[in-house]
Every structure is written in structure tokens, then in C-alpha cells.
Amino acid sequence: MTFGKFSYTISQRLRCGWFLTNHAATMRISGPMRRPARQTANAFPSAREISSDLSNLFSRDWANIEAGLYVAPEQQWPNPIRVLKKARAYFRDLQKVNQRVATGNSREVAHSIYNASLPAYYLQNFHFQTDGYLSEASAELYDYQVEVLFSGGAEAMRRQALVPLRAAFCDNNIRDVNVLDLACGTGQFMANIKQNYPRLAVSGIDLSAPYLRLAKQNLENWSRFDLVHGNGENLPFSNESFDAVTCIYLFHELPRPVRRNVTNEVYRVLKPKGRFIFVDSLQLGDYPPFDPLLAHFPVATHEPFYTDFLNDDLEHLFCSADFKIQSLERAFFSRIMTLIKQ
Ligand SMILES: C[S@@+](CC[C@H](N)C(=O)[O-])C[C@H]1O[C@@H](n2cnc3c(N)ncnc32)[C@H](O)[C@@H]1O
């Protein structure tokens, strides 16, 4: 075994072990409020099945790295003190999250941080998280919360989008290509892109100003990127201006008509033959053993549009906007689609 593989394997095992423990502690602290009734739980895949599927994700991730499709993650060995500080902040905040779960209070942010320029559907405490997407504290906790949810697999799922992205560049000179990351959040995927293609011009857009501020810090070692505060329904870019658009974990948080508006906007800003690389939650039927867990998710947390997303006909949505579906695959809990503008 090479040193690179050894470092990757050990670091990712530790990572998963850490986040699995955090996940289990979260369930224990949160109690029956967030756990399914026994009847529903019986239909769930077992912990062993989930962790075996998570191992498959890491095997695939390493195979991609070894094949040179992308480089190994930069942050394999994070500073343990910083990790412990994050964990402490996460568990402190969990108490507030659980209070919201208990009272069903998901509209706190609409009163406390009202902002007339933001769409009404957005002014909610998604996942019952403190301040929704609208504070520095929420931005600081977000990536940790997502990793706890996916037992340490979120970054590896995002990295799978680097494979179709690489294919999208074909033989073009990287300096002549530009990419938009729609709903870039704290810039995790933009950092992945930069780590692989430092000279590529990447734009990120998001509705959350605090998340964009953190994205700027997370990207401070790179150049040739810009971050725009804006709405995916009305992209502030001219027609046919990007070679590729990536969009990770946005659509399940949008009402159905908004999903349609965003899709049309992505189509508009892509150059002819440009690629739309879409990563989001699995839908019902994508991998039947996970269906009961997907159906339970919006019961355990505040995901107001998730049930509709699970049943939305995305293939029809994208084809109606005139995209051609090039590929559709699954990576753990993610559905990855590559769509080509005709
Ligand atoms: C679940 S997070 C995903 C963030 C990031 N792509 C990732 O991989 O973690 C959803 C993101 O979508 C943003 N968002 C929601 N509605 C939006 C819209 N209409 N336009 C732009 N961003 C939006 C939120 O602010 C948030 O950062």
C-alpha cells in the first residue's frame, strides 16, 4: 500500500468514526423526538448496510483519486483542537435545535432576521437550525452539521461531481473555461474545484450573505474566483456565459415552481453544449433500500419541500427545459446527474 493510500484510508476511517459517534450521540440526546416509531424503524436499512454503502463511497472516492480524476482531499488531517471546538459548538446548538423540534418552531428566522429582499420560502429554519441560513454562527456550524448527518460522507459525495466536471472541460484550456457553483454555501465545493484547477475561473452564488462571507475566508488561498449574493431564480449573468454550472444540495430545499425557474435560469446562462452537474438527495426509487429513510427525513427535521422533491419528476423537469440527460448515478445518499444544454 502506498503512503498516499494509507494516509487516505486511515484519515477517512477516523473521520467516519468521529462523525458516526457524533451522529449516535445526537440521536441519543435528541431522544424520541427525532427517532422514528418502532414500526417505521423496522423498515429502515440496518446500520451495517448503511456503513457498508458508506465504505463503497470511500472505495469509489479513492479509485477516482488513484485514476487521477481528482486529487486527494486537502484537509485529511484537520487540527484536533479545531474539531473539538466545532463539536462543542455543535452540541451546544443542538439543545436549541431540539427545542425547536419540540415546539415545531420553524419560522423563528422570519421574525428575527426578516429581510424583504429574500423570498418567503427561504425565511425558515431549515433543519430547525439556529438562524436558518442567515447568520455567521449558522455558517460556522453548517458543514459540521452536514457531516454529522451523513456520518462523514458529505465531502466524498460532493467530490463525485468533480468527475463529470473534468469531462465537461474536454480538451479546452482551463484558463479559457469558467464554472458557476449555484448555491455555493460556504464554498466547500468551490474549494474542491480550486484545489484541482487553480487557474480555472469559478463564480459562486448564494442567497445567504453570511455563508458567502465564510466562503470568502475558505477560499482565501486562491485567486480567479468571485462570490455573488443573488437568487438562482434570477441569475445576474448574461445568456450563454458559463461552460458548466454545478449545483449541490439546493433543489430539495426549493418549492416545485422555484425548481423550475432555477432550471430555466441554469439553461439560459450555460453556453451551447455546456454541462449542468446536479447533485442532490436520492429520490424515492433511486435505491429502494434507502426509501424508508428518505421518507422519514422530513418527519425528523424541518425540510418543508423534501417530500415534494422525493416525488418530483426531475428527468421530465430537465428535459422540458431542453437539457439532454447524459448520465445519472448514485453515490451513497446522493443522486448525480450530468445534463447537456442542447
Ligand atoms: C443545503 S445548502 C447547500 C450548500 C452547498 N452547495 C453544499 O454543498 O453544502 C443550500 C444552499 O442553498 C442556498 N439557497 C437556497 N435558495 C437559494 C436560491 N434561490 N438562490 C441561491 N441560493 C439559494 C442556501 O443559502 C444554502 O447555502
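Which does Tyr267 count as, buried or exposed, and at what relative accessibility?

Modeller: Tyr267 counts as buried, at 16% relative accessibility. Buried means under 20% relative accessible area, exposed over 50%, and partly exposed in between, with a 1.4 Å probe and protein chains only. This is a predicted model, where local features need pLDDT of at least 70 and side-chain atom pairs pLDDT 80 or more, while totals for chains, interfaces and linings use all residues. Residues are numbered from 1 along each chain as its sequence is written, and side-chain values use heavy atoms, without hydrogens and water.

Start with the ring pairs. There are 30 aromatic pairs in the structure. A pair needs ring centres within 6.5 Å, for Phe, Tyr and Trp (its six-membered ring); planes under 30 degrees apart are stacked, over 60 edge-to-face, the rest tilted. Phe251 and Phe276 form a tilted pair, because their planes stand at 50 degrees, with centres 6.4 Å apart. Both of these residues are buried.

Now the pair at Tyr267. Its partner is Phe323: the centres are 5.0 Å apart and the planes at 80 degrees, so the pair is edge-to-face. Tyr267 sits in helix α11, Phe323 in strand β6 (residues 323-331), and 56 residues separate them. Helices (H or I, at least four residues) and strands (E, at least two) are DSSP runs, numbered from the N terminus. Phe323 also counts as buried, because its relative accessibility is 1%.

Arg330 lies over the face of Tyr287, at 3.6 Å from the ring centre.

Next, the sheet that holds β6. This open sheet has 7 strands with mixed pairing, in the order β3-β2-β1-β4-β5-β7-β6. Strands pair if DSSP finds at least two bridges between them. Both β3 (225-229) and β6 are edge strands with a single partner strand each, so one side of each has no neighbour in the sheet. Neighbouring strands are turned by 15 degrees against each other on average, direction ignored. Axes are lines fitted to C-alpha atoms, for helices over the stretch in contact, and angles run from 0 to 180 degrees between N-to-C directions. Strand β1 (residues 178-182) pairs with β4 in the parallel sense, over 4 bridges. There, Leu182 stands opposite Cys247 in β4.

Technical notes
A charge sits over a ring if NZ of Lys or CZ of Arg is within 6 Å of the ring centre and within 35 degrees of the ring normal.
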